[in-house]
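I opened this notebook to record what I looked up in one structure. The entries follow the order in which I consulted it.

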Amino acid sequence: MVSPKVLILLALCVLPALLVEAVPQKYPYHVKGRVYCETCHLGCEHKYVTYIGGAVVKIECYDEQTNALKYSRSGSTDANGFYVIEVRDDHKDERCFAILVSSPQPDCNTIVPELDRVTAIVTNENGVISHERNVNSLGFKSNTKDARCSGLIQLYNSDV
């Protein structure tokens with residue numbers, strides 16, 4: 001039979017380690033980005049995009065091995081198209097993404113597969129000390145092209 005001293009010693013060593021894993025992070029991560037309306041159908045952010053207030057974005061994290069959804073949280077953009085979504089836990093063994101959900105603009109609500117999600121690194125296991133996580137912008141495609149786009153397309157296609 002195991003002596004009481006061994007059990008107490010084991011409890012003092014194992015219990016704190018278990019509690020550290022169970023306690024949420026003291027300083028949560030903040031995933032920050034912007035949502036725009038892609039008005040020229042170029043598939044990128046440019047000088048004629050407009051930024052969308054009230055767009056809904058979500059953060060989703062998936063297990064690296066099973067691809068099972070482990071975390072999801074939504075947020076919305078301010079009037080200038082910026083969003084900040086708080087993520088309370090470290091997701092070092094998961095792949096996390098910022099994903100477009102919806103746009104309040106009926107003339108710019110088409111989700112484009114190349115512009116609808118970006119990777120969000122939500123761990124300190126990669127050498128980044130800050131809990132602020134800036135991600136690339138996300139874009140919806142407008143239903144019509146802006147009239148100013150032809151000059152921009154010519155500029156992008158030139159060998160300047």
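The entries below concern one serine and several salt bridges in this predicted model.

Entry on S103. I first located S103, which is found in the loop between β6 (94–102) and β7 (110–111). The S103 side chain reaches the backbone oxygen of C108 at 2.8 Å and the backbone nitrogen of Q105 at 3.1 Å. Leaving aside residues up to four places away in sequence, I noted that S103 touches I52, C108, N109 and F140.

Entry on salt bridges. I asked how many salt bridges there are; the count comes to 6.

I looked up K32 and E132, whose side chains meet in a salt bridge at 2.9 Å, N to O. K32 lies in strand β1 (residues 29–38) and E132 in strand β9 (residues 132–134), so this pair ties together parts that are 100 residues apart in sequence. K32 is partly exposed at 29% relative accessible area, and E132 is partly exposed at 32%.

I next examined E60, which forms a salt bridge with K58, the closest N and O atoms being 2.9 Å apart. E60 counts as buried at 8% relative accessibility, whereas K58 is partly exposed at 23%.

Finally, I recorded that R73 and E86 meet through their side chains in a salt bridge at 4.0 Å, N to O. R73 is in strand β4 (residues 69–76) and E86 in strand β5 (residues 82–87), 13 residues apart. A network of salt bridges links R73, E86 and R88.

Methods
Residues numbered from 1 in each chain as written. Predicted model: local features only at pLDDT ≥ 70, side-chain atom pairs only at ≥ 80, totals over all residues. Heavy atoms only, no water. Helix = DSSP H or I, 4+ residues; strand = E, 2+ residues; numbered from the N terminus. Polar contact = N/O pair within 3.5 Å; in protein donor to acceptor, adjacent residues only side chain to side chain. Contact = heavy atoms within 4.5 Å. Buried < 20%, exposed > 50% of the residue type's maximum accessible area, 1.4 Å probe, protein only.
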